[in-house]
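My entries follow the display.

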Amino acid sequence: MTLSVKSQPSNTTAEAQVDTLLEQMTLAEKIGQMTQVEKNSISASDVTRYFIGSVLSGGGGNPTPNTAQAWARMVRDFLEAALETRLRIPLIYGVDAVHGHSNVHGSVIFPHNIGLGATRDADLIQRIAEVTSKELLATNVHWNFAPAVSIPQDIRWGRIYEGYSESTDIVTPLAVGYVKGLLNSGVLPSVKHFVADGGTAWGSSLRYDWLHGNWQLPGEGYSIDQGNAEIDEATLRAVHLPPYKAAMEAGALNIMVSFSSWQGVKMHAQKYLITDVLKNEWGFEGFVVSDWMAVSQIDPSFYTCVVSAINAGLDMIMVPFDYKQFIATLTEAVEKGDVPLSRIDNAVRRILKVKQTVGLFEQPFGDESLLSEFGSDEHRAVAREAVRKSLVLLKNDNNLLPLSKFQPRFLVAGDAANNIGIQCGGWTIDWQGGRGAITAGESILTGIQQIVGEDTAVEYSAEGQFMADPTDIGIVVIGEPPYAEGMGDRFDLTLPAEDVELINKMRKTCTKLVVIMLSGRPRIITEQLDQADAFVLAWLPGTEAEGISDVLFGDFPFTGKLSHTYPRTQDDIPLQALKQHPNGALFPLGYGLTTDK
Ligand code: GLC
């Protein structure tokens, strides 16, 4: 089923249906549609009682047990509760399936976007979205808070890996591919985070600490995430807005607003960009959703927050906890005239039209028959292809790669060589991800063990403890511990001592050394590059790491190209500094060696 206005009843019929509904709705039913609650904070009966329009799972918002079947049951309960309301307006459930339905144990987890950016393959990304959609609909989920179309300009940002590239020209076609893949499959994309979330300055984050109810000044975490984009409008329009326009023209019907600020004003209060530009200048007909409790960051007074955000053009609020307070506050604002009823009606009209376009009025549930395909080999094959195409080869002295499958012995080192959690990064099972065997998948080590000849030995030592002989080839895998959002903001991007020591040790041990780095961003590797005979960037490949051995051993060529300009030193960060630095980049945007098969 394709999501497009064309595939729905004729416009007049569809419009008439929405008009009829709107005329019947009470203020409580309208405000309920504008309210999105996280699944642990509301009962199914309150979904009915308060006419709630949407429920979400935040990162790690999993049922117990965390299986696809349990997910389908959990979501179905909320959908059924919404159909118990007077007007039976269907609920839409949202999740962050940013690299596959990655909260769910056993789902196929694709490379994070920074790796997909290195593929430059919009068709592949459309197919990734189609597979992701099947695994979402199997669990009754119709709304994916993706793609992030961030254009990260500072690699110290903890969300850099959620963006495809520093380049607008690389991001835009890939974002359109992903949006089309979801829409073609009956899933609603949420293009995020509007706008210039990747254009903020280090140290500019002034973040509201929900747990303690106060404003946090930058520390290591949240030093740039949710910060301020101190850029002019020309830069905003040239660099950060184009992917949204293209996604909208491709049929995107939902946009999520950024926690960050532009020119010192919180995006959630930016009426000029949300209403004047997005809705009026561009004619955006979908609805605009807030980010997680982001409305509360506008002002110390929650009443002011709600009035500012709704009047700026927000149509649905990801509350996500105290829905009763939000509903009461917005109701008071309408009754006092601080929020015009016309604004409420416009927001609800947009929400109803999108639910209609998604087909929820005809079919409010997903397709649980797709559970039989959940995590299937066919789905995993698409992820394995993506891993292959995402790899960037920075160095290959004496054409060491591709390796021979019949080499007598390989010495594999590094905890990251056998660690699904490090391969997957943040937004995997839990918000911040985790280490170790957190879900089903293949590690780099098992990929190597499976591809080499039966007479070839593969020895593994996380610590690199080997008795080597001159014919041995060493493969050392280093990796960033997983992180998400501002928890991943990091000033110092040089390699940690344990990685430096491991590479030093393996250099002394082996006559030939391949280094593979798993990371959500470029890390400063200039010295280590000299030590390696071959150096591979594998980014955050997800669960199908056999894709790495496929290329390492020549079944497929290296084709990936850098989606970020690669800095030589700490002083080359952010991108603006790099462009002015006399020594220039270590590698330019688009760099990547190739190999024959
Ligand atoms: C998070 C993120 C956003 C995500 C939302 C729901 O804080 O900023 O990308 O979609 O909350 O999990």
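Predicted model: local features only at pLDDT ≥ 70, side-chain atom pairs only at ≥ 80, totals over all residues.

Entry 1, a strand pair. I looked up β1 (residues 35-38) and β2 (residues 54-56) and found that three bridges join them. The two strands run parallel. Within this pair, I found Val37 opposite Val55 in β2.

Entry 2, the whole sheet. In what order do the six strands of the open sheet lie? I read the order as β5-β4-β3-β2-β1-β14, and the pairing is parallel. I then checked the edges, where β5 (188-189) and β14 (317-318) stand. Each has a single partner strand, so one side of each is left without a neighbour in the sheet.

I listed 14 residues around the ligand. The closest are Asp96, Arg159, Lys192, His193 and Asp291. Sorting the shell by type gave me seven nonpolar, two polar and five charged residues.

Which distances separate polar side-chain atoms from oxygen atoms of the ligand? For Asp96 I noted 2.5 Å, and for Asp291 I noted 2.6 Å. I also looked up Glu485, where an N or O atom of the side chain is 3.1 Å from an oxygen atom of the ligand.

On its own, the ligand has 310 Å² of accessible area, and I noted that the protein covers 97% of that.

Terms used:
Residues numbered from 1 in each chain as written. Heavy atoms only, no water. Near = heavy atom within 4 Å. Polar contact = N/O pair within 3.5 Å; in protein donor to acceptor, adjacent residues only side chain to side chain. Areas by Shrake-Rupley, 256 points an atom, 1.4 Å probe, with all protein chains shown as cover. Nonpolar A, V, L, I, M, F, W, Y, C, P; charged D, E, K, R; others polar. Pairing = 2+ DSSP bridges. Helix = DSSP H or I, 4+ residues; strand = E, 2+ residues; numbered from the N terminus.
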